[in-house]
Amino acid sequence: MITSRLMIKTTLGTAICGLWLSGIVSADVPQVTTDIPVTHSLVTRVMAGIGTPDLIVNRGASPHDYSLRPSNAASLEAADLVFWISSELTPWLEGALKTLAADAKVIELMDTKASTVLPFREGTTFETHSHRHKHDEDEHATVNIDPHGWLDPDNGKTWLDVIATELSKIDPENTDIYFDNVSQGKTDIDAVISEIDATLATFRGTNFIVYHDAYQYFERRFDVLAAGSISMGDVSDPSPARIAEIRQTVEELDMTCVFSEPQFNPELVATVVDGTKARARVIDPLGTRLALGADFYLNLLRNIAQTMASCL
C-alpha cells in the first residue's frame, strides 16, 4: 500500500511551507471484493486494522443461483483483488470476473495449492470411503469438485495464508499486519476445531440425511458422516424416485435426523420425515442469520456442530 502523508500548509505572509506528517492517515487501501460471506469473513480477518472487503452475495441468498447487481458490478470494476471460492459454486460469476474485473488479480481459493478438495459424492446414499487430496502447484482437477471446501476448517487456515500473501504483493508495507492477523486467525480456528471435536464426539457413527450434498468437508473433518442427501450438490430438484429412496433409507436405518436448509424447499424434508421417527432440523452452511465480520466463519462452523448435536 502506498502510505499517504497529511500535508499541513502554513502560510506566513507570502511563504508557504509544506509539512509532511508520516503515518497519520492511510489511504490507497487495497480494494478487495469477495463472493460469499465466508470469503468475506476470512478476508476481513486478514485485513483487520487496514480495511474492509466488499461482498457480492449477501446472507440469505444462494450462491448457486444469484443475479449480479449494479453495485456488485461496480465493486468488481474497482477491485485490485477478488477472492472467490470456485466456478463450481458460483458459475454465473465467472464471466463477470473476466469482463468487469479484468484489471484485478482474481484468486480462486479452491484451486490454490494445499487446499483440500473432494469430488461430489455419487448416488442418493453415500459411500464411506474418502477421495481427499491436496492440490499440487500445477494440478488441475479433472473431476467436478465439491466447492463447499470452507466447511473443512483446515482449508480456512490455508486460505488465510493465501489471502495475506496476495494482499502483501500489492501492499507490502502492511505485510506484518496481514500475517499477524493470520497467526491470530489460525489460533482462533484451532480453538473452534477443538470445541467442535468435543461437541460431536458422542455422535460419531450416527446416521443422518442432509438436504443437499454440501457438508462432506465438515463430515470428514469431524468424522460424522451423512448417509445421503435429498438433493444433489448443485441443488437441482430431486426426482420422485430419489425422494422415495431417501425415505426408505430413513426408515431402514431408523434415522434420528434429517437436516433442511433455510434457502430451500422445506416441504421435501417434511415429505421424507413424515411417518418416521426422524426429526427435521434447519442447518445452515452459509450462515444466513449470522452477523457479518471476522468472526462469521468461526460462528458458522460452531453453529453447524451445535445444530447437529442438538438433533442427533
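Predicted model: local features only at pLDDT ≥ 70, side-chain atom pairs only at ≥ 80, totals over all residues.
**View 1. F83 sits across from I107 in strand 6.** Strand 5 and strand 6 (residues 105–108) run parallel and pair over 4 bridges. To get from strand 5 to strand 6, the chain passes through helix 3 (residues 91–100), and this β-α-β crossover is right-handed. Strand 5 also pairs with strand 3 (residues 32–34), again in the parallel sense, over 3 bridges. There, V32 stands opposite L81.

**View 2. Side chains of strand 5 (residues 81–84) point two ways.** L81 and F83 go one way, V82 and W84 go the other, and all are buried.

**View 3. Four strands make an open sheet in the order 11-10-12-13.** The pairing is parallel. Strand 11 (228–231) and strand 13 (279–282) are the edges, each pairing on one side only. Ignoring direction, neighbouring strands are turned by 25 degrees against each other on average. Zoom in on strand 10 (residues 208–212) and strand 12 (residues 257–260), and you'll find 3 bridges, with V210 opposite F259.

**View 4. Helix 8 and helix 9 lie across strands of this sheet.** Helix 8 (residues 266–273) lies across strands 10, 11, 12 and 13, at about 170 degrees to strand 12. Helix 9 lies across strands 10, 12 and 13, at about 145 degrees to strand 12.

**View 5. Helix 9 (residues 296–311) has 16 residues.** From first C-alpha to last it reaches 23 Å, close to the 22 Å expected. Its buried residues include F296, Y297, L300, I304 and M308.

Notes: Residues numbered from 1 in each chain as written. Heavy atoms only, no water. Helix = DSSP H or I, 4+ residues; strand = E, 2+ residues; numbered from the N terminus. Expected span 1.5 Å × (residues − 1). Buried < 20%, exposed > 50% of the residue type's maximum accessible area, 1.4 Å probe, protein only. Pairing = 2+ DSSP bridges. Axes fitted to C-alpha atoms, helices over the stretch in contact; angles between N-to-C directions. Contact = heavy atoms within 4.5 Å. Right-handed = clockwise from strand over helix to strand, strands pointing away.
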